[in-house]
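Good morning, and thank you for making time for this presentation.

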Amino acid sequence: MSVDSVEDIKKHIKVYIMVFVALMVLTVVTVGVAYLPLTVPIAITLALIIASIKGSLVASYFMHLAAEKSAIYWTLLVTAAFFLVLMFVPLLTTLDTISR
Amino acid sequence: MDNVTTAGHAEHEHELGFWQKYFFSQDHKVIGIQYTITALVFLLFGFLLMMIMRWQLAYPGQPIPVIGGLMGDANAPGGIMLPEFYNQLGAMHGTIMVFLGVVPLAVGGFGNFVVPLQIGAPDMAFPKLNMASYWVFLVGGLVMFASFFAPGGAANSGWTSYVPLSVIATQGQTWWLIGMTFLITSSLLGAINFIVTMVQLRAPGLTWMRLPFFVWTQLVTAFLLLLAFPPLEAAAFLQLMDRVAGTSFFLPSGLVVSGQALEVSGGGSALLWQHLFWFLAHPEVYVLILPAMGITAEIIACNTRKPLWGYRPMVYSVVFLGFMSFIVWAHHMFLTGMGTMISAFFQTTTMIISIPSVIILSALFISLYGASMRFTTPMLFALAFLPMFGIGGLTGLPLGLAAADIHLHDTLYVIGHFHYVVAPGTIFALFAGIYHWFPKATGRKMNEVLGKIHFWGSLVCMNGVFMPMMIQGLAGMNRRMYDGGIGYEHVQDVLHWNTMMSFSAWGLGLFQVFFIINFFMSIRRGEKTNDNPWEATTLEWETPSPPPHGNFLSPPEVHRGPYEYSVPGAATDFTPQGQRS
Amino acid sequence: MEIPYTVNTRADTGLNNVKLGIWLFLASEVMLFGGLFSSYVLLRVGAEPGTWPLGAEILSIPLATFNTIVLIASSVTMVMAWASLKLGNLGKYKLYMGSTVALALVFLVVKAFEYADKFSHHLYPSESTFLGIYFLITGLHGLHIVGGVIVNSYFLFPGVKMWHTAPERFTNRIEAAGLYWHFVDLVWIFLFPVLYLL
């Protein structure tokens with residue numbers, strides 16, 4: 001297993017606290033943005049961007065992904081690619097139809 | 001401090017009771033055999049369903065002989081099959097063959113038994129999880145089997161369970177969805193186990209490019225199962241809720257059934273099901289073929305006494321194939337009203353995905369050149385796999401071209417295409433694997449005479465069943481018609497093939513009896529062999545037959561590639577992978 | 001022969017078996033929730049204009065915001081539980097793990113309250129496709145929380161024995177449980193804006 005020293009762990013703990021604060025702030029931002037008068041596409045984009053930032057913080061620091069090995073990284077990258085395919089390609093099929 | 005786990009219970013194996021040793025075993029070899037036997041039973045059952053269907057197709061409206069009375073009045077009053085029953089047989093034949101037969105045998109059976117041995121591991125990475133995977137699979141299988149006895153019978157909306165028909169179908173469909181949930185869960189747990197095993201437990205010296213090709217195919221297959229199955233599980237939940245909770249995920253607004261408007265909220269999308277289903281089901285067909293290619297490769301290398309030609313291109317091809325398989329699914333949906341741009345996208349990816357398949361098949365063909373062939377039963381099946389899969393693959397090309405698919409979609413041509421790939425394709429390779437690895441599992445060989453009768457009879461009958469389907473399909477004969485199409489004028493000229501196809505199917509069934517007898521007889525009375533009767537190079541042959549608990553008497557080390565046959569200057573015509581010097 | 005790398009890391013991959021295994025499981029979970037999110041997208045885009053409600057019209061944003069804070073907090077306590085074990089402090093581990101379980105239960109109670117409120121107004125999944133997908137996604141997410149509570153409770157009570165016999169192995173298991181828990185939090189981070197705010 002990794003040989004993290006006590007100092008390393010204590011540094012990590014400082015990071016966890018900072019990430020927690022950031023997540024709280026971003027949660028407030030998420031809700032606040034929802035009350036702004038924005039068009040639907042912009043609202044969706046903004047909400048997803050903020051969620052992605054929050055998600056990246058959780059993944060990178062709580063889940064230690066920032067320091068993880070390439071096997072994990074590549075598996076997740078491939079998964080993310082297929083996730084995006086699943087999100088967008090069926091949608092594309094509905095936008096390009098023979099009859100409307 | 002205990003920092004290492006022992007292989008389940010290696011030290012006190014002799015203390016295991018009967019149930020823990022043979023039923024609730026955590027040993028990958030026992031689990032592999034459990035999967036194999038269970039899958040073979042389901043394969044036989046699925047085959048029986050088809051044999052009954054083929055009666056109806058050859059002699060529509062005639063009472064089924066001998067067993068007609070056993071079907072029950074709800075299914076076949078007076079022994080004459082009702083359309084509803086035909087539909088049950090069709091849907092369950094497909095479901096059982098794919099999900100309870102072929103995949104559990106190819107992955108659960110062969111994968112479990114062979115992979116840890118071929119990589120020099122003592123067992124799978126998570127033995128308890130392995131055991132759980134088998135039992136969850138069995139529960140799913142029993143749920144599927146039990147569905148025949150539900151009111152209204154088993155699922156009858158095709159193995160594809162298209163909505164909205166499946167949402168309003170009889171109770172058996174709910175059982176199907178529950179059964180699928182168990183099967184998908186079992187697959188996911190298995191896939192995790194396989195990947196961790198192949199990544200982490202390879203013996204020292206067994207680098208990626210020294211892996212037997214069979215292991216590569218299992219690795220890609222595991223990734224396909226891991227990432228493609230979950231959306232179908234999601235879809236199954238959606239359909240379950242539509243059926244039991246009154247939701248309308250798949251029910252469009254204003255749907256009318258038998259003259260009455262459905263009282264649901266509407267707003268659903270029938271195409272949503274197709275997208276989620278085929279997102280899995282396309283990678284699923286590669287799950288069906290990849291292990292078969294792997295088995296064929298192993299047997300060809302061994303029985304030609306020379307290395308595989310093009311190992312590296314084959315590896316790159318199989319990995320590329322895995323990726324591509326996730327972006328071709330809508331070639332099953334060309335006729336759903338998709339526009340030309342998106343259809344062109346899927347047509348292009350589909351054409352591209354044929355390239356790695358061709359590379360692998362060509363490499364296997366070229367591997368035969370200059371061979372010292374040994375025409376044993378496993379080799380005969382492996383050799384036959386090549387042209388049979390070739391026919392299956394080539395007939396897929398017109399289906400992948402959107403314009404041609406307009407004519408061929410949902411015809412017998414499609415059925416002929418995919419059966420060529422799976423039946424004289426994959427299943428032949430699986431038979432080859434059984435004959436090939438039977439000595440490793442039991443210490444005895446199967447009988448060659450019975451094996452050859454099984455082979456030749458099956459080869460002829462397979463072609464007798466499926467080749468005429470191409471003719472019928474090209475004439476435009478639709479699939480899933482319980483009367484075999486007698487009501488349609490445009491197929492009258494090709495109807496006569498039905499009789500010959502049915503007799504071929506029943507003949508095929510008869511020839512499997514030779515296999516069944518051979519299998520069980522050889523367990524007790526087969527010719528005893530040593531550890532390596534085929535004189536093969538891969539690691540599984542460097543351990544006793546059958547291997548002991550923990551597999552290897554001393555930890556193996558790998559010193560060379562997997563197919564060092566006929567090495568110039570070597571003393572014997574094969575050099576085992578783990579041999580020191 | 002014993003199964004290697006159950007606790008130690010393999011040199012060329014840098015991983016132990018459990019860590020690789022749990023990440024693979026999470027990859028499959030990404031695809032599971034992906035299937036549901038994809039369904040949400042298709043259903044919403046395909047809905048007749050005006051028939052798809054805004055989340056705020058039907059759902060309670062304050063309750064969900066509270067739940068978001070609760071779940072993120074539980075993620076912090078979870079990672080602190082693991083860090084405490086790395087520092088060899090079993091007492092702190094129990095405190096943080098206990099907090100994680102407690103916060104998860106708070107989340108579930110709030111969810112139960114939300115559901116009960118909907119049902120009392122006859123807002124069942126069958127009422128509309130929006131409600132259908134809302135109940136299914138949050139329901140499946142809720143089931144994942146229940147699963148996490150069960151696993152974490154096991155590691156808090158009977159399972160904690162392993163700390164005394166195999167501390168490194170136990171720490172690895174808490175790391176794996178933590179990865180699962182953070183993932184459940186991650187799903188909610190996306191669920192919250194998509195269902196409630198858009």
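First, the conventions. This is a predicted model, in which local features need pLDDT of at least 70 and side-chain atom pairs count only at pLDDT 80 or more, while totals for chains, interfaces and linings use all residues. Residues are numbered from 1 along each chain as its sequence is written, chains are lettered from A and ligands numbered from 1 in the order in which they are written, and side-chain values use heavy atoms, with hydrogens and water left out.

Let me turn to the annotated spans. In an unreviewed entry, UniProt assigns "transmembrane region" to residues 15–36, 42–64 and 71–92 of chain A. For chain C, also from an unreviewed entry, the feature "transmembrane region" is placed at residues 20–43, 63–83, 95–113, 133–157 and 178–197. Positions from UniProt are given in the numbering used here, feature names are shortened, and annotations may be inferred rather than shown by experiment.

What is the helix content of residues 71–92 of chain A? That span is 100% helix and 0% strand, with its end C-alpha atoms 31 Å apart. Helices here are DSSP runs of H or I with at least four residues, strands are runs of E with at least two, and both are numbered from the N terminus. Residues 15–36 of chain A are 91% helix and 0% strand, and the end C-alpha atoms are again 31 Å apart. In chain C, residues 20–43 are 100% helix, with 35 Å between the end C-alpha atoms; residues 133–157 are 96% helix, with 36 Å between theirs.

Now the interfaces. The size of an interface is often given as the accessible area lost when the parts come together. Chain C and chain A bury about 4,100 Å² between them, 83% of it on carbon and sulfur atoms; buried area is the accessible area (1.4 Å probe) that two parts lose on being put together, summed over both. On the chain C side, Trp23(C), Lys86(C) and Leu87(C) lose the most area to chain A, together 14% of what that side buries. Contact, meaning heavy atoms within 4.5 Å, involves 51 residues of chain C and 43 residues of chain A. One salt bridge is found across this interface, the rule being a side-chain nitrogen of Lys or Arg within 4 Å of a carboxyl oxygen of Asp or Glu. Glu68(A) and Lys19(C) form a salt bridge, with the closest N and O atoms 2.9 Å apart.

Between chain B and chain C, about 3,700 Å² is buried, 70% of it on carbon and sulfur atoms. That contact takes 50 residues from chain B and 42 residues from chain C. Here too the rule finds one salt bridge. Asp12(C) forms a salt bridge with Arg202(B), the closest N and O atoms being 3.9 Å apart. The charged end of Arg202(B) also sits over the ring of Trp208(B), 3.9 Å from its centre; the criterion is NZ of Lys or CZ of Arg within 6 Å of the ring centre and within 35 degrees of the ring normal.

As for aromatic rings, the whole structure holds 68 aromatic pairs over all chains. Rings of Phe, Tyr and Trp (its six-membered ring) pair if their centres lie within 6.5 Å; planes under 30 degrees apart count as stacked, over 60 as edge-to-face and the rest as tilted. Tyr16(A) and Phe62(A) are an edge-to-face pair, 6.0 Å centre to centre with 70° between the planes.

Next, is His93(B) buried or exposed? His93(B) counts as buried, at 13% relative accessibility, where buried means under 20% relative accessible area, exposed over 50% and partly exposed in between (1.4 Å probe, protein chains only). His93(B) is placed in helix H3 (residues 83–118) of chain B.

Finally, the backbone. Val163(B) and Pro164(B) are joined by a cis peptide bond, with omega about -5°. The peptide bond from Ser545(B) to Pro546(B) is cis as well, with omega near -5°.
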